[in-house]
Structure formats: structure tokens, C-alpha cells
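Let's work through a few questions on the structure below. Each answer builds up to a value or a name.

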Amino acid sequence: MSQLDLTGRTALVTGGAQGLGEGMARALAAAGARVVVADLQDDLGEKVADSLEGDGHGFVHLDVTDEGSWENAVTATASGFGGLDVLVNNAGVEISSLIVDVDPKDIRTMLEVNVLGTALGLKWGLRAMRPDGVAGKGGSIINISSVAATIAFPGIPIYSATKSAVDRMTRVAAMEAGKLGYGVRVNCIYPGLVPTAMGQGLAVDMAELGLFGSPEEAVGAVIELTPSGRLGEVADMADAVVFLASDNARFVNGVGLPVDGGMGM
């Protein structure tokens, strides 16, 4: 059996109704996992779950900023889909602004979703996967940070800060899980810019903030900073998640994996 074969494992993907999360859900399903799509967008999430390759997939409603919602989603996944072996903390928001114009409301929104949401995911994922948990077989948690955590790109100061926090929480969670014998590996990836709705919106924002002459110029600047000479693709990020979820990554723990074409080096 290929060590990238996830047959018999159950994966929960937050923000799985669209964008990177949808791509990650599809890749995990293609590798054989039962996938539970978790999102606020019920109709979209259910459609994605119904369209995944293979059988046994499902959808759960999840507000990542709400503790009770996390508890319900993890319990429903573990009890209804054969356990919980892989958790992908992907849900996130990005609101562009120059530092001199930051809006406290936007700061709180990004902190709530990107930092609190990831922290609660770690909390309930580890509780479920540890030996006394509702799943109890250990597993792999993959947090989605960003190349923004590793470079100083203008116009996204708070987003960059929140994604740096995701990186730090990843490492502390990996250390705690190891010291306490949970049997859970915790890693994160740093995606580069991908032309999803969020990525395209970011390029438009950069032009509107006066940082670049046009969205196309902003995209060109990103490509210029990227040794691989292109933007990222959803599949690039999804394949990295499948790797970190698999036995091929069995000794990879507490790391941030750049999947950015070299942009952040």
C-alpha cells in the first residue's frame, strides 16, 4: 500500500466549501480518506461533500470562532464518520489595509477567525485524537498559515500577524502533544499566492491601496519574487496537505512547510 494512501482515515477540513479548503478536501478524498467538509456555508459545503470522490463523506456546519460549534463538529465527525485522524485548520479571512488605516473591527475579525479559530481547532482536535478522546487514535493536524508569515508584503499587516500566530501555535501544539503522549503530529503550510477568490481579491486590494498600478502589476510583483516563476495552484497546496496527513510524513512534526515556489526564502 502506498504510504500516501489514506484509506480508513477520517479527515475534517474547515473552510472546505470553496477555495483552498475545497481543493484540500478533494485531494484527501482522492487519497482514500473519508472527508467531512466543515463550513458556515451549508449549501456550498453540502454540494462539495456530495461531489467528492469515493463514498462516506459528509458535511458539518462549523463556525470556527465558536467553542460549542467546534465541539459539535468534532463529536459529529468522530461518532458519524469513523473517528478523526486528520484535521485541516484552513478557514481564514484576509482584509487588506495600510497600517495607517487599519480598522479595529477588521483586526478583530481576522484575530477571531485566523487565530481564535485555529486555536479552538487545535484544542478540540487534540482532545479528540489523544488516547482518552472520542477518536483516540492519534493523528495529524495541519494548520494553514501563509507566505505572509515569512515575508514583509505591504498592505496585509494584520493578516500577516495572524498567520505568524498560526505558525507559533503549530509549534507549541506539536511540543505539547509530544510531551503529553497524544500521538498527534502538528504541522502547518505556508501557501503562496493562489488565484482563488481570496487571492484575486488581494491583488485588486493592492491596486486600490495605491501600492501597485493595477491588479496585474501586483500579481507580476509576486511572480517576480517567486523563483518558480508562477503563482501557486490549489493542487500545490492540497498535495502538501495530503503529504503531511500521510505516513510519508510520519517523522515530520512541528514544522512550517513553505509551498510558495521559493517566494519566502
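This is a predicted model: local features need pLDDT of at least 70, side-chain atom pairs count only at pLDDT 80 or more; totals for chains, interfaces and linings use all residues.

Q: Is Glu67 buried or partly exposed?
A: Buried means under 20% relative accessible area, and exposed means over 50%. Glu67 has a relative accessible area of 32%. That value falls in between, so Glu67 is partly exposed.

Q: How many residues apart in sequence are the parts that Asp247 and Arg9 tie together?
A: Asp247 forms a salt bridge with Arg9, with the closest N and O atoms 2.9 Å apart. Asp247 lies in the loop between helix H8 (234–245) and strand S7 (256–259). Arg9 lies in the segment before strand S1 (10–14), so the pair ties together parts whose separation in sequence is 238 residues.

Q: Is Arg9 buried or partly exposed?
A: The cut-off for buried is under 20% relative accessible area. Arg9 has 19%, so Arg9 is buried.

Q: Which residues are in contact with Val48, leaving aside its neighbours within four places in sequence?
A: Val48 is found in helix H2. Val48 is buried, at 5% relative accessible area. With those neighbours left aside, its contacts are Gly16, Ala17, Glu22, Arg26 and Val37.

Note on methods
Residues are numbered from 1 along each chain as its sequence is written. Side-chain values use heavy atoms; hydrogens and water are left out. Helices (H or I, at least four residues) and strands (E, at least two) are DSSP runs, numbered from the N terminus. Buried means under 20% relative accessible area, exposed over 50%, partly exposed in between (1.4 Å probe, protein chains only). Contact means heavy atoms within 4.5 Å. A salt bridge is a side-chain nitrogen of Lys or Arg within 4 Å of a carboxyl oxygen of Asp or Glu.
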